[in-house]
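Trainee: I'd like to talk through some side-chain contacts with you. Could we take them one at a time?

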Amino acid sequence: MSEREATGTRSRRHAARATLALASLALVLTAQSCPEETGLPFERTELRDDCEEFNRLRNPYFGETHAHTGYSFDAIVNGTRTEPRDAYAFARGEPLGLPPFDAAGNPGRVAELRRPLDFAIVTDHAETFGEVDICTNPELQLPGFDSDECERMRGAIGTAVPNAGDATGATAFFGLLYGFILDPQHIESICGVDGEDCRQRASLVWRATQAQAEEFYDRSAACSFTTFVGYEWTATPYVANLHRNVIFRNARVPDLPTSYVEATVVEDLWQALEQDCLAEIEGCDVLTIPHNSNVSLGWMFAPESRVLPDPPAPIFPPPPPSLPLTAEAAAQRAALEPLVEITQHKGDSECAPGILSNDEQCGYEKLSRLDLRNTIPVSRFPSLPFGPLAFVRNALKEGLVQEERLGVNPFQLGLIGSTDTHNGTPGAVREDDYTGLGHLGTADATPAFQLTPLPIGGVEANPGGLAVVWAEENSRDALFEAMRRREVYGTSGTRPIVRFFGGFGYSSDLCQLPDFVEHADRDGVPMGGVLTPADAAVPEPGGPAEKPRFAALALMDPGAPGAPGTPLQRIQIVKGWLDANGDTQEQVFDVAGNPLNGANVDLATCEPQGSGFELLCSVWEDAAFDPDQRAFYYARVLENPTCRWSTRLCNELQVDCSDPASVPSEYTTCCDGSVPKTIQERAWTSPIWYRPDG
Amino acid sequence: MGSPPRTHRWLRAPALHFLLIGAVLYAFDPAARIGWGEEREPVVIAADRIEGALREIEGQTGRAATPGEVSFLIDRLIDEELLLREARARGLDRGDRSIRFRLAENVRFLGVAEDDDPAALERLALELGLDRSDPVVRRILMEKMRLLTMTAPPEEAPSEAELRSFFERTAETYRQPARVTLQHVFFAAGTRRGSLAEDAAQALAQLESADAPPPAQAWRLGDPFPPGYRVRLASRRSLETRFGTDFAEAALAAEPGRWTGPVRSAYGLHLVQVEEQRPSHLPAFESVRSTLKARLEAERGKARLQQALRELRVRYDVRVEHPAWRAG
C-alpha cells in the first residue's frame with residue numbers, strides 16, 4: 001500500500017521527508033520566504049506564495065465542496081443565472097441576487113453569507129457542458145488547432161479555415177464536413193462517421209470553469225480563499241443516485257471532463273481519471289466524492305464492480321451484470337475516493353433507524369420517511385427500497401468485511417457535509433434563512449413549494465452542511481492532501497471546532513495538558529488515520545493487550561454578531577467492528593457532555609431553553625477492544641436542540657394546527673407529526689480505523 | 001399542458017436529473033424553430049414568445065412588468081436568439097456529445113423509440129424537432145456561443161504593462177489582512193460560572209504584578225484550553241473562526257507586550273498578550289499576477305460579448321412583434 005495507507009505519525013513524517021525535496025524545489029520558486037518550519041509537510045505542486053498562517057498542527061478551514069451554478073442545466077431551468085465566479089464571490093461574502101428575476105433582470109431575492117467560507121468548489125453537471133471542435137475554432141488558441149488530426153481534417157475538406165467571424169464561411173465548412181456538398185463517404189473514409197476520428201474537442205464551459213476558479217484563488221500570502229477546479233459526474237441509472245464530484249488538486253486538469261456521457265459506470269470514470277490526469281499530465285491529481293447514497297437505492301456502496309442497478313422491467317437493453325469486487329478494484333476505489341458527503345440538501349446519509357442501526361440519532365434529516373415513489377411520475381417504476389448500503393455507516397462496516405476478504409478496504413471514507421446548492425450559493429446553510437432562499441432557484445422560492453410533502457426539494461429537504469478541513473494552510477495543496485488523508489469532518493451547517501485523535505498510550509489527563517494537540521498528534525493519529533498493532537506497546541507475555549484511546553475535543557460554534565452559536569450537548573463515539581463470527585456490529589458511546597442536560601427550545605418562538613457546554617474534551621478507552629478484530633471509530637458532536645427551518649417557516653406563516661380547518665392546504669405539512677419540529681445540529685469526524693494486520 | 005399539479009411540482013425537483021421533460025414544454029414554441037442554414041432569415045421575436053416570457057415572470061414576481069422592463073426583456077430575448085442563431089450558423093450544434101446524449105435521453109423518456117440504437121434515437125429526436133425545442137440544448141448552444149465570443153485571440157492577451165495598470169486600478173481588492181501573534185490565559189465559563197469575571201481580574205492583577213509567572217507558564221493561572229494558548233499570525237477571519245468576533249476585535253486592537261482583558265469569547269474569558277502585530281498591506285504584484293490576468297481577461301470578455309451582440313444585431317434583420325419595441 002502507499003504511504004497514505006500507512007499508519008501513524010511516524011509514516012506521516014516519513015512521507016514528509018519523501019516529499020521534502022520536491023517541496024524545497026517549489027519553495028525556491030515561490031515569491032516569499034518559507035514558514036518558520038524547515039520544510040513543508042505537503043508537496044507544493046503549483047506556483048504561489050507560502051501562507052503567513054502556516055501551522056504545523058493544522059488550522060480548521062470551513063468550506064463547500066459541492067455547489068452548482070447556471071452552468072448546470074437543472075439550475076438554469078429553475079431560473080438560476082449565476083456563473084462560478086458569482087458563486088465564489090458569494091462564498092467570500094458578497095451578496096448574490098437570486099431568482100425570480102423581474103423583466104428588467106433585477107433579482108427578487110438577495111442572499112449573503114453572515115460568515116464567509118475559506119474555500120469553495122463549484123461542481124456543475126458536466127453532462128451538458130457541450131463541446132466545440134478545436135480544429136475549426138482558431139480563436140480558442142488551443143495547441144490542438146495545429147495538430148496533425150486537425151490538419152488532416154481541414155485537408156480532407158479541402159478548404160481554408162473559415163474566418164471565425166464569418167458565419168457563411170463557417171456554414172460552408174460544416175456543410176462540407178457533414179456531406180452537404182462533398183460526397184459523405186469521402187469524409188467518412190478519412191475521418192470516420194461525422195468526422196469523429198479527425199476531431200479534437202474542447203469544452204468552453206470547462207475552460208470557463210477553470211478560468212473562474214483562477215479568478216478567485218488567492219495565491220498571495222494572505223491565503224484568504226481557495227478554489228478548486230471540479231465538476232459533477234451525474235450517473236442516475238434507473239433513478240439510483242450514484243453521483244460523484246470530481247475535484248482536481250491544482251490548475252493542471254484534463255482538456256475535457258469525463259462525464260456520464262463517456263463513463264456510465266464509476267469504474268470507467270476512475271479509469272479515465274487515472275489515464276487523463278494521473279498518467280498523462282505531470283502534476284495532475286484528483287479525487288472523487290460520492291453524495292446522496294441515501295437515494296442510491298442501496299447501490300452506492302455495493303461491494304461489486306461496474307454496478308448498474310436492476311432496471312424496472314420492461315426496459316431495454318438490459319444492463320450487463322455487475323462483477324465481483326476484486327482487490328485491484330477495491331484498491332482503485334480506495335485510492336481515488338477517500339471521502340463521502342454524509343449530509344447535504346437532499347438528506348442525511350449517516351444511518352437510518354432500523355436499517356442495521358438502532359441509534360436514536362439516526363433519524364436526523366431522513367428522506368426515508370416518505371416513499372420515494374412519490375418523486376417518480378411514471379407508473380412502471382416499482383417500489384424503491386432503501387438498501388442497507390444506502391447509508392455511510394453500513395458502508396464503513398461493509399468496508400471491514402471487504403478488507404477481511406480482499407486485504408483492501410474499498411470504503412475507507414472520510415466524512416464531509418455540503419449544500420449541493422443549485423443557486424450558486426456555497427455555504428448557505430443557515431436554518432433561519434433557508435426559508436427565504438432555498439437551494440433550487442424558483443422551484444423552492446415560495447413557502448408553498450418548500451412545504452410540499454415531496455422528499456426532494458420539499459419539506460424533507462434541508463439547508464445542507466459544510467466541509468471542514470484540518471490543513472497547515474489555506475492552499476490547494478495543503479487542503480487537497482488533508483482531504484486525501486481524510487483529516488476532515490462534516491457539519492450539518494454550524495461551525496463547531498472538532499478534533500479527534502486515536503492512539504495507544506494516551507494519558508487520561510490529555511485534555512488538561514497545555515499542549516494537547518501536540519501530544520495527541522505525536523502519540524497517535526488524527527481523524528482519518530489508521531491504527532495497527534505496531535502502534536501499541538508490545539504486551540507482556542500472557543498479559544492483556546493495550547487498548548486504544550480516543551481523544552475528542554469539541555468547541556461550540558462561536559457564532560457571529562447577533563447570531564450566537566448553540567451550546568454543545570455531548571460528544572459520542574460510534575464504533576463499528578467485525579466480530580469473531582465475521583458479522584458486523586456497531587455501538588454508540590456517550591463520551592462527554594450530558595444527553596439529559598434538559599436543554600430544549602420553545603417551539604412557538606424558537607428561543608433556546610436550558611444550558612449546554614461551551615467546550616467538551618474527553619479521552620475514551622475502548623474497554624471491549626479486541627486486537628484481532630477490524631474496527632472503526634468516529635466522533636459525533638451534538639448541539640442542543642434548535643428549531644428546524646420548517647418550524648421557523650410555519651411560525652412565520654402563523655399556521656395554527658389546533659384549528660385544522662384554518663390551515664391552508666399548501667401548508668398542511670406544518671401540522672404533519674412526521675416532520676420533526678427541532679433538530680440537533682451536529683458534526684461527524686472522519687473515522688479512525690484499526691487494522692489488525694498492519 | 002393539463003398536467004396534474006403533482007407532476008408540475010415534480011418538474012422542479014432535482015432528483016431526476018436526466019428525465020427532465022422540459023422539451024415537451026417548448027416543443028411547440030414557434031420561435032424555437034429557426035432552421036439550420038437559414039441564417040439570413042430575419043430573427044423574429046414573436047409576440048406570443050414575449051407574452052409567454054412576461055406571463056412567466058409576472059407569475060413569479062406577482063406584479064405586472066413596466067414598459068421599461070419589457071424593453072429589457074425583449075433585449076434579452078433578442079440576444080439569446082442571436083446567440084442561438086449564430087451558434088447554429090457556425091455548426092456548434094453538430095457532433096456535440098452533450099447534445100446527442102440529451103436528445104437521446106429525451107427520446108427515451110418520451111417512450112416513442114422502437115429500439116435503443118443511439119443513431120436511431122438521434123434521428124428520431126431530429127425528426128421531432130427536439131434539437132430546436134429542447135431548452136437544455138438551446139442553453140448549451142447559447143452558452144457555447146457566448147463563451148466563444150468572449151475568448152480573446154492570442155494577440156490580445158494582456159500585456160505586462162496592462163496587467164500592472166490593472167493592478168494599480170484594483171490593488172485594494174488584494175489587500176493583505178493585519179495579523180497578530182498572541183498568547184492567552186483562559187477562564188472557562190462552564191466551570192467557573194459566578195466567579196468567572198473576578199477570577200480573570202485577579203489573574204490579570206497577578207500577571208501585571210512583580211510576581212508574575214514566566215510567560216510560558218502564564219496559562220497555569222487559568223483553565224485548560226486544549227486547542228492551545230498561543231495563536232500565530234492570525235487574521236481577523238481566523239480569530240473569528242476560533243474565538244468569535246469580540247475576541248478578534250479585542251486582540252487586533254490590543255497593545256503589544258501588555259496583558260489585556262478580560263476578553264470575552266464563546267467559551268469564557270481570556271487575558272491576551274499580543275507578541276507581534278503585522279499591519280495590513282498591499283501584496284507584491286507578482287503575488288497576484290495570475291489572479292489579475294484571469295480577472296482582466298474576464299473583464300475584457302464581457303466587453304467583447306457586448307460588442308459582438310451589437311454586431312450581430314446589425315448582421316441579422318431583427319424583427320420584434322411587440323408594441324413596446326421601437327426598432328433602432
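Trainee: Is B:Y229 buried or exposed?

Mentor: Happy to start there, keeping in mind that this is a predicted model. The relative accessibility of B:Y229 comes to 8%. Buried means under 20%, so B:Y229 counts as buried.

Trainee: How is the ring pair of B:W219 and B:Y229 classed?

Mentor: A pair of aromatic rings is described by the distance of the centres and the angle of the planes. Here the centres of B:W219 and B:Y229 are 5.2 Å apart, and the planes meet at 25 degrees. Planes under 30 degrees apart count as stacked, so the pair of B:W219 and B:Y229 is stacked.

Trainee: How many residues apart in sequence are the parts that this pair ties together?

Mentor: Both B:W219 and B:Y229 lie in the loop between helix 11 (196-208) and strand 3 (230-234) of chain B. B:W219 is buried as well, at 13% relative accessibility. The parts tied together by the pair are apart in sequence by 10 residues.

Trainee: Over the ring of which residue does the charged end of A:K575 sit?

Mentor: Chain A has a charge over a ring here, with the end of A:K575 at 4.6 Å from the ring centre. The cut-off for that distance is 6 Å. The ring belongs to A:W577.

Trainee: What is the area of the nonpolar surface patch with B:L128?

Mentor: B:L128 lies in the loop between helix 6 (118-127) and helix 7 (130-133) of chain B. At 39% relative accessibility, B:L128 counts as partly exposed. Together with B:L110 and B:V112, B:L128 makes a patch of about 230 Å².

Notes: Residues numbered from 1 in each chain as written. Chains lettered and ligands numbered in written order. Predicted model: local features only at pLDDT ≥ 70, side-chain atom pairs only at ≥ 80, totals over all residues. Heavy atoms only, no water. Phe/Tyr/Trp six-rings, centres within 6.5 Å; stacked < 30°, edge-to-face > 60°. Helix = DSSP H or I, 4+ residues; strand = E, 2+ residues; numbered from the N terminus. Buried < 20%, exposed > 50% of the residue type's maximum accessible area, 1.4 Å probe, protein only. Lys NZ or Arg CZ within 6 Å of the ring centre and 35° of its normal. Patch = residues over 30% accessible without salt bridge, like charges linked within 9 Å, V, L, I, M, F, W, Y side chains within 5 Å. Areas by Shrake-Rupley, 256 points an atom, 1.4 Å probe, with all protein chains shown as cover. Salt bridge = Lys/Arg side-chain N within 4 Å of Asp/Glu carboxyl O.
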